[in-house]
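Subject: Handing over a structure

Dear colleague,

I am passing this structure on to you, and below it I have set out what was found in it. Please read the notes with the structure open beside them.

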Amino acid sequence: MPHAVSPGDDVYMRCRYNLDNDQLYTVKWYKGRQEFFRYVPKELPNTKVFPLPGVNVDVSLSDAHQVVLKAVRLNMSGKYRCEVSADQPNFHTEMVAGELHVVYLPGDDSPVLMAEKQRYSIGDTLRANCTVRGAHPAANVTWLLNDVKINSSSERTFPTPLGYGRPGSKAGKQQSPAANRYAVAAAALEDEAKRVTTLSTLELEVGPESFQYGKARLQCRSAMWALWERNAMLTLEEERPRLASVIGTGETSAGWPRFAAGTVLVWAAALWTLLLAR
């Protein structure tokens with residue numbers, strides 16, 4: 001089965017087995033401890049569906065080797081098991097299990113990375129935030145400075161407004177009989193309301209090691225299992241003191257001109273040359 005899917009997807013769960021010379025007796029499917037589908041080749045009809053909230057089996061596509069769930073919802077995340085039993089005289093039974101995650105991926109504009117400013121001096125405090133919108137469950141956020149992982153200062157989540165992201169959801173677009181359309185739409189809105197926005201903040205004192213050749217690469221990496229991963233990056237610059245402000249020219253308090261160190265050396269060298277010439 002797939003590791004993660006989006007609400008409204010159809011999910012194909014396959015069960016592979018080898019009975020050798022035995023005949024198949026039953027194939028049973030469970031969500032947690034509750035059976036929801038059974039295949040018995042010696043019975044007519046071969047298939048039987050057991051009511052389970054949120055589980056909608058496509059019987060026309062389900063058989064001895066697979067079960068198909070239509071328009072899955074968030075509450076269908078969990079552990080699923082396939083139990084296969086051989087016929088008499090052995091009645092040997094084997095079971096395999098897998099985990100299914102039904103998730104909302106973040107919006108197309110996520111993550112959004114913002115820093116308080118672009119140029120920093122040694123000793124400044126770097127303040128930045130990374131926002132990931134519209135996910136369920138909350139997306140993971142990782143901070144990196146010059147490709148080295150650093151810890152966030154704080155992280156919080158809050159509800160994402162309905163209608164954010166892609167127009168409509170897959171669950172709301174399923175073709176259903178008129179009697180079920182309102183129920184399907186209500187279920188889609190219920191799932192949409194569970195989408196959250198993650199706001200991760202960073203506060204870090206800038207040190208000499210923060211820059212490489214006067215630049216610092218700040219990254220925000222957001223991921224949801226192997227299903228989705230994106231990075232956002234900012235290039236920050238080191239604020240260096242202006243050389244002219246240290247050895248520039250100007251007036252002293254006594255009104256005498258103050259010369260740059262380089263100018264004094266030039267005049268001294270010229271005077272020494274004249275003395276040697278005599």
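Is Asn-146 buried or exposed? With a relative accessible area of 9%, Asn-146 falls under the 20% cut-off, and therefore it counts as buried. This residue lies in the loop between strand 12 and strand 13 (148-150), and its phi is near 55°, a positive value in a residue other than glycine. Please keep in mind here, and in everything that follows, that the model is predicted.

To give you the overall picture, the protein has 278 residues, of which 38% count as buried, and it contains 3 helices and 19 strands. The protein exposes about 17,300 Å², with carbon and sulfur atoms supplying 54% of that area. Among contacts between residues at least 6 apart in sequence, 66% join residues at least 24 apart.

Six strands form an open sheet in the order 1-8-7-3-4-5, and their pairing is mixed. Strand 1 (4-5) and strand 5 (47-49) stand at the edges, and because each has a single partner strand, one side of each is left without a neighbour in the sheet. Within this sheet, strand 3 (residues 24-31) and strand 4 (residues 34-39) run antiparallel and are joined by 5 bridges, and Trp-29 stands opposite Phe-37 in strand 4. Another antiparallel pair is made by strand 2 and strand 6, which 4 bridges join, with Val-11 standing opposite Leu-69 in strand 6.

Next comes the packing of nonpolar residues. In soluble globular proteins, nonpolar side chains tend to be buried together. The largest nonpolar core here has 27 residues, and those that touch the most other members are Met-13, Trp-29, Phe-36, Val-67 and Leu-69. At least two residues of this core come from each of strand 2 (11-14), strand 3, strand 4, strand 6 (66-69), strand 7 (78-86) and strand 8 (93-102), and strand 7 gives the most, with 4 residues. Leaving aside its neighbours within four places in sequence, Met-13 is in contact with Met-1, Trp-29, His-65, Gln-66, Val-67, Leu-69, Tyr-80 and Leu-100. Apart from this core lies another, of 25 residues, among them Ala-128, Trp-143, Phe-211 and Cys-220.

A polar contact of 2.9 Å joins its side chain to that of Ser-200. Trp-143 and Cys-130 are 13 residues apart in sequence, while their C-alpha atoms are 8.9 Å apart in space.

His-101 is also worth a look, and its place is in strand 8. At 19% relative accessibility, His-101 falls under the 20% cut-off, so it counts as buried. Its contacts, leaving aside neighbours within four places in sequence, are with His-3, Ala-4, Val-5, Ser-77 and Trp-225.

Some details of the backbone deserve a careful check when you go through the loops. A cis peptide bond, with omega about -5°, joins Leu-44 and Pro-45, and Pro-45 has its place in the loop between strand 4 and strand 5. The peptide bond from Ser-110 to Pro-111 is cis as well, with omega near -5°, and Pro-111 is found in the loop between strand 8 and strand 9 (112-115). Tyr-213, although it is not a glycine, has a positive phi of about 55°; its place is in the loop between strand 15 (196-205) and strand 16 (215-224), and at 84% relative accessibility Tyr-213 counts as exposed.

Finally, a word on annotation. In an unreviewed entry, UniProt places the feature "domain: Ig-like" at residues 1-92 and 111-146. The span of residues 111-146 is 0% helix and 64% strand, and its end C-alpha atoms lie 18 Å apart.

With best regards

Definitions and conventions:
Residues numbered from 1 in each chain as written. Predicted model: local features only at pLDDT ≥ 70, side-chain atom pairs only at ≥ 80, totals over all residues. Heavy atoms only, no water. Pairing = 2+ DSSP bridges. Polar contact = N/O pair within 3.5 Å; in protein donor to acceptor, adjacent residues only side chain to side chain. UniProt positions renumbered as here; feature names shortened; annotations may be inferred. Core = buried A, V, L, I, M, F, W, Y, C linked by side-chain atoms within 4.5 Å. Buried < 20%, exposed > 50% of the residue type's maximum accessible area, 1.4 Å probe, protein only. Contact = heavy atoms within 4.5 Å. Areas by Shrake-Rupley, 256 points an atom, 1.4 Å probe, with all protein chains shown as cover.
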